[in-house]
Amino acid sequence: MLGDMGAEVIKVERLGTGAEERGFPVGGIEGVNTYFLAINRNKRSLTLNLKHPRAREIINRMIPTCDVLLENFRPGTMEKLGLGYEEVHRANPRLVYCSCSGYGQQGPYRDKPGQDLLAQAISGLAWATGRTNGCPRAVGTYPVDAHGAMLATVGILTALVARERTGMGQKVEVCLLEAALHMQCQEITYHLNGGQFWLRENEGLGHPLEPAPYGIYPAADGQFLAVSTGPWPNLCRALGLPELETDPRFDTAGKRLDRRAELYALLGGLFRRQPRAHWLERLGTEGVWSSPVNDYAAMEQDPQVMASGLILALRRPDGGPLRVIGNPIKMSGTPPTYRTPPPAVGADTEAILDGLGLDRAEIAQLREEGIV
């Protein structure tokens, strides 16, 4: 987004292999990964081994020349590299520092792996996309990734505007879970204020380019879990079927994509043998990315959602209570504020026109003529 709008973007990548998305096993056309191509135009690439002390010297030379630093490591990684916000801010107080993560810099899920599907599951989005008497459904794109990136862009640009006024940069934070909640602000506000939902009919798998196990599965207790990615051998061990790792039907990512309906059915049968908590514990122990699938009621009580503070209690124009999804962009210097409720129609017309210098007679004339 920033590159398209004219920014010079330097993408700092791993030495040799580059960014992870360059090597994704799906989404390729004629040997080129289109996922990478789709989101990396207008950038320059700098490969660095950030674990080497000389790489830190290069970064230290760059920081005073830059307006923005954006990172999406797990929380704490930049601090380990000596590039945490406080250190960078001392080196360049005008720099805007944007941190993107799965679940935010605080809360019980802080150190868990975060990914689009898991954010859909925890936020209630997969449940809302589900079908009557069927399984919750992942959206057929990566909407949380995209919205999270847009929120980061908004936060960065806002911080740059604030810097023009104050001369100082600040830290901006966004995360996938709060982006997913924000995407559903209308639906969740409906739920939070007593609305009832009716889900649609239909069955189907998740993303069209994701091999199994990517998807949502019912467990023995009628609860659902989302299983995203992780090493294939680890999943086989978690399932108690190490021999599945070398099964010739599924021993490569390509085969698991080509035969995903077959594998999805096989895994579904296994997951139905034990309750959800059993599988989440087993999968988590083996490092397989997974999460519970929450409906909106469970989402409200999810410890990470509660820790986020994103569900706010505000007031309607008539003074009555209103629960809403707040602004998910966290800013250290100019945080979002919630000053007034949604206005009644035309409630501020006179004040705005007065601020533009119109007197009472002119405003009355505009009203009389039906202009305002």
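What follows is a short exchange on the terms used for this predicted model.

Visitor: Why are helices H8 and H9 called roughly perpendicular?

Guide: Helix H8 (residues 176-183) and helix H9 (residues 185-192) pack at an angle of about 75°, their axes 5 Å apart. Angles of 65 to 115 degrees count as roughly perpendicular, so H8 is roughly perpendicular to H9.

Visitor: Which residues meet there?

Guide: From H8 come Leu 181, His 182 and Met 183, and from H9 come Cys 185, Glu 187 and Ile 188. By class, this contact has four nonpolar, one polar and one charged residues.

Visitor: What makes E5 and E6 a strand pair?

Guide: A pair needs at least two bridges. Strand E5 (residues 68-71) and strand E6 (residues 96-101) have four, in the parallel sense, and therefore they count as paired. Glu 71 has Ser 99 in E6 as its bridge partner.

Visitor: Which residues have the most contacts inside the largest nonpolar core?

Guide: They are Leu 225, Phe 271 and Leu 283, in a core of 30 residues. Helix H12 (260-271) is among the elements giving two or more residues, and H12 gives the most, with five. Among the residues that Leu 283 touches are Leu 225, Leu 235 and Phe 271. A second, separate core of 17 residues includes Cys 98 and Met 331.

How values were computed. Residues are numbered from 1 along each chain as its sequence is written. This is a predicted model: local features need pLDDT of at least 70, side-chain atom pairs count only at pLDDT 80 or more; totals for chains, interfaces and linings use all residues. Side-chain values use heavy atoms; hydrogens and water are left out. Axes are lines fitted to C-alpha atoms, for helices over the stretch in contact, and angles run from 0 to 180 degrees between N-to-C directions. Angles under 35 degrees count as roughly parallel, over 145 as roughly antiparallel, 65 to 115 as roughly perpendicular and the rest as oblique. Contact means heavy atoms within 4.5 Å. Ala, Val, Leu, Ile, Met, Phe, Trp, Tyr, Cys and Pro count as nonpolar, Asp, Glu, Lys and Arg as charged, and the others, Gly among them, as polar. A nonpolar core is a set of buried Ala, Val, Leu, Ile, Met, Phe, Trp, Tyr and Cys residues joined through side-chain atoms within 4.5 Å. Buried means under 20% relative accessible area, exposed over 50%, partly exposed in between (1.4 Å probe, protein chains only). Lists of a residue's contacts leave out its neighbours within four places in sequence.
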